[in-house]
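Reader: I am new to reading protein models. Could you walk me through this one?

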Amino acid sequence: MAKVLVLEDDALSHKVVERVLANFGHQIVASRSTQEAWDKLQEHVLVDMVVLDNQLGNEWGWQFLRMVRQSPAYRGLPVIVYTAHTERSSIIRYVELGVQSLHMKPYQGDVLMQEIKKAVESKWTAQVMEPAETLCERLKLSVPDYNGLLALASRTIEESLLTAKKRLTNPNDPHLFAALSNIEQRCRSVGIFVAEGVVSSIRGHIQNGDVVAAVEGLRGIESFLHMIRHRMLAMMNMEDSVARNTETKTAVAKPVAVVPVPAASDAATYVRDIISKPLWQYGPQLRRILKSPLLTEEQRRTGMMRIAITPPFSTVSANLRLLDDLPKLSLQDAARIVRETRGFTANFKAVLDHVTGTTHALDSESAMLRVIGHHGIAKVVVMATAARVVNGLPRDSMLNLRPLFLHSLTVALLAFEVGRLLKLANEHLLAAGGLAHDAGRWFFAIGEPGAYALALAVSEDGDAQLADVERLFFGVDHYAAGPEMLQAMAVSAFPKAAAAAHHNPALVTDQEHVIGVSVVHVAHVIVQAGMATSETLGKSILAPLRESNYIAWEELKRSGVALPFEASEMVDTLIAIAKTSRWTVEQLLGERS
């Protein structure tokens, strides 16, 4: 499967090319203008070929090609040109800039396939960045060592680029030239030897006072940085887990599981009234409430048995069983699950297009099977189970349950991705643990919304730990309530372990579950930080996770799991994956509150 950047402004011609390439299983990065094509090339630095239309409204294809050839990263990128005209001047421009071939319109499928074959065989990226296997052999590096080298280079180059851009106008600033030296050294360490000439020319432009040319040179360095990051994901087989658009927006939400929102019912008005008043106004009434739990143990267990057989709990338990059976599923089974999941096909396409930045055709059985085969049965079915759970969620509540659902489902997707990153067996079960880890909060928020609203108010207003207040109100906190709720739902052992110990993997009693609970814990913390009310709070949540001796990393290493990066680099990688996982869940949730 090749990835092809198509720059064509005519809608019909564009559709023809898209259909031809899709029919042969190739991915398309679509663009309609030179600037859009350049931006897409930065997102997809390792496209296999460019299909370039000669005339683009008021622009010309050679203008884009000139931009490409001016960047040292793309001087060997295969480009084929299609034109409806044969002006000698245009042909000369393309020949001088360097193209794989020129063709007269219309587009022809067999010609495109031959050009793609030739482009792929050229292995143009090896001219820019030394192949992984060659570098590892030359330096006697293992794959984990190589991954660490890429991560270090990525971080250093990014920091040095920021320094260089800030200090570019001062040719006597030693920090500027130190940053350029760091860039040169780190590029060379990962086999990008052409960076030496680029950095040398940037230094010359700075000395000559040509800031514009220096900025242009730094753009070339940015392309190298994109290549390093792409190589990192490719080495870990995680290319489909991080959106190419690094500006993926995620809304800031309260870290509390549920928060009150306006609603029409009298109950909602009552709950809002409770939470809006200072708690000292309740005086003896509140103290009497806190003397004993609002639910006895018998009432709690009876309530759990009652709601376990109704949505969303029945939906969750059904999909936990589906995840248990995932290894038995075929491509055809996965395609059937996608089709039978209400509203999922359109969301699935939107997510794939967003994450990969390419256009996917899912309008036929063969296309669906091809996409599932490429992305993997497990990944597709995990997403489909999340969509099925969404379809079973309550639409009305006196509480805003969206943050709770967003957190749980994002943790499920992220736990699965962490499993892939760590090359763990049965990563689909990690998704099950993530989906079920907050079962206790689901019970409180859905089964006892009024009482839970008051518990949240006591916790927030009194600056008390939520778990302590839960024990006062319900006799147990959500860590203990989770396994009880899952027991009522008759699910397997691991989700119960995740619910009981997702806040502290050291509490796991069954060694069989240590790895899985540690992964769910890491996913839980990463997602919790992403939903923090401020960037400062998010950083404080992540700070312990960045330490190499953090409990989750220690438990994983003690269980024989090799981490591909140091702790801080793991966190940075997982933050990027978590943003994409969250975006996916937001698409599934839609406008549901």
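Author: Gladly! This is a predicted model, where local features need pLDDT of at least 70, side-chain atom pairs count only at pLDDT 80 or more, and totals for chains, interfaces and linings use all residues. Residues are numbered from 1 along each chain as its sequence is written, and side-chain values use heavy atoms, leaving out hydrogens and water.

Reader: How many salt bridges does a search of the whole structure find?

Author: Side chains of opposite charge can pair when their charged atoms come close. A salt bridge here is a side-chain nitrogen of Lys or Arg within 4 Å of a carboxyl oxygen of Asp or Glu. Searching the whole structure with that rule gives 32.

Reader: Thanks! How far apart are the closest N and O atoms of Lys-105 and Asp-53?

Author: These two residues form a salt bridge. Lys-105 sits in a loop and Asp-53 in strand S3, so the pair ties together parts 52 residues apart in sequence; strands are DSSP runs of E, at least two residues, numbered from the N terminus. The closest N and O atoms are separated by 3.1 Å.

Reader: Is Asp-53 buried or exposed?

Author: Buried means under 20% relative accessible area, exposed over 50%, and partly exposed in between, using a 1.4 Å probe and protein chains only. Asp-53 has 3% relative accessibility, so the answer is buried.

Reader: Which residue forms a salt bridge with Arg-138?

Author: Arg-138 is partly exposed, at 43% relative accessible area. The closest N and O atoms of the pair are 2.8 Å apart, and the partner is Glu-130.

Key
Helix = DSSP H or I, 4+ residues; strand = E, 2+ residues; numbered from the N terminus.
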